[in-house]
Amino acid sequence: MKKTVLTLLATVAVCVVVALLILRLFNTQKINPCSPATSNAYAAFSDSLSQNLNWPDDLDITVFSGPNLTPSPASLGVAPTGDVYVGVDMQGSLGKEMGRGKIVRLVDCNNDGILDSSTIFAEVDNPRGILPMGDKVFVLYTTFSAEDSLATGQDLVVFEDKNGDGVADGSPQPLIEGIGNPNYIQSRGTDHATNGIQFGIDGWIYISVG
């Protein structure tokens with residue numbers, strides 16, 4: 001009987017700790033001031049795609065963003081709040097220049113599937129992995145030398161947005177530097193370099209390397 005009671009108490013304690021951790025996570029999420037869009041700026045895109053691609057009538061697809069905000073998307077990350085972070089890479093498939101990448105945050109503040117606001121979260125080259133979590137955004141991107149403008153590898157960094165305004169607070173904190181082979185990135189570009197990061201259930205970040 002005593003052993004059963006102790007086991008029950010231990011189970012309850014674990015559940016309480018887990019609940020507190022979940023509440024703490026969600027309490028760190030910034031609540032976006034809601035200013036819903038008065039119209040869907042991409043309704044015409046949705047109608048055009050639906051007519052040309054012959055989607056089933058009962059399949060409801062709405063275009064959330066267009067080339068004016070997110071041209072050449074190369075990576076995507078969605079926060080628990082529903083905010084969408086798009087890694088824009090204007091290099092094309094074989095581009096090797098610096099200064100042509102950024103991360104755009106897209107917000108649907110009232111959950112109606114229509115984009116309400118957007119911000120440029122950060123400007124980084126070849127954003128190829130994005131993981132939003134609380135007020136932090138983990139990013140995998142290509143680094144370049146300031147001297148000769150040649151790629152030096154890829155870094156895994158974390159940006160912070162403490163005030164939730166959709167713009168990173170200053171420079172990122174590096175976690176792992178010099179991932180990948182700079183020779184291949186310099187000769188071919190980042191399209192076949194290290195792409196993609198993901199959280200595992202163990203809390204570690206996993207990187208896809210090919």
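In this report, Ala, Val, Leu, Ile, Met, Phe, Trp, Tyr, Cys and Pro count as nonpolar, Asp, Glu, Lys and Arg as charged, and the others, Gly among them, as polar. By these classes, the lining of the largest pocket has 4 nonpolar, 7 polar and 1 charged residues.

The model is a predicted one, in which local features need pLDDT of at least 70 and side-chain atom pairs count only at pLDDT 80 or more, while totals for chains, interfaces and linings use all residues. Residues are numbered from 1 along each chain as its sequence is written, and side-chain values use heavy atoms, with hydrogens and water left out.

## Overall architecture

The protein has 3 helices and 10 strands, where helices (H or I, at least four residues) and strands (E, at least two) are DSSP runs numbered from the N terminus. Read along the sequence, these elements follow the pattern α-α-β-β-β-β-β-β-β-β-α-β-β. Of the 210 residues in the protein, 34% are buried; buried means under 20% relative accessible area, exposed over 50%, and partly exposed in between (1.4 Å probe, protein chains only). Contact means heavy atoms within 4.5 Å, and among contacts between residues at least 6 apart in sequence, 48% join residues at least 24 apart.

## Salt bridges

Side chains of opposite charge can pair when their charged atoms come close. A salt bridge is here a side-chain nitrogen of Lys or Arg within 4 Å of a carboxyl oxygen of Asp or Glu, and the structure holds 7 of them.

Aspartate 83 counts as buried because its relative accessibility is 5%, and arginine 105 counts as buried at 7%.

Aspartate 135 is buried, with a relative accessible area of 17%, whereas lysine 136 is partly exposed, at 29%. Lysine 136 has its place in strand β6 (residues 136-144). Leaving aside neighbours within four places in sequence, lysine 136 is in contact with Leu131, Val158, Phe159 and Glu160. Glutamate 160 is 24 residues from lysine 136 along the chain, and the C-alpha atoms of the two are separated by 4.5 Å. Their side chains are joined by a polar contact of 3.5 Å, a polar contact being a pair of N or O atoms within 3.5 Å; within protein, one must be able to donate a hydrogen and the other to accept it, and residues adjacent in sequence count only if both atoms are side-chain atoms.

## Two loop residues

Threonine 70 is found in the loop between α2 (43-53) and β1, and is buried, with a relative accessible area of 10%. The side chain of threonine 70 makes a polar contact of 2.9 Å with that of serine 65. Apart from neighbours within four places in sequence, threonine 70 is in contact with Ser65, Val86, Val88, Val104 and Leu106.

Alanine 146, in the loop between β6 and β7 (151-160), counts as exposed at 70% relative accessibility. The C-alpha atoms of alanine 146 and methionine 98, 48 residues apart along the chain, are separated by 9.6 Å.

## The largest pocket

On a 1 Å grid over the protein atoms alone, a pocket is an open set of points where a 1.4 Å probe fits, with protein on both sides within 12 Å along at least five of seven lines, and lining residues have an atom within 4 Å of a point. Grid points are joined across faces, edges and corners, and a volume is the space filled by probe spheres set on the points. The largest pocket has a volume of about 160 Å³. Its lining comprises 12 residues, of which Asn181, Tyr184, His192, Ala193 and Thr194 lie nearest the centre. Helix α3 (residues 182-188) gives the most to this lining, with 3 residues.
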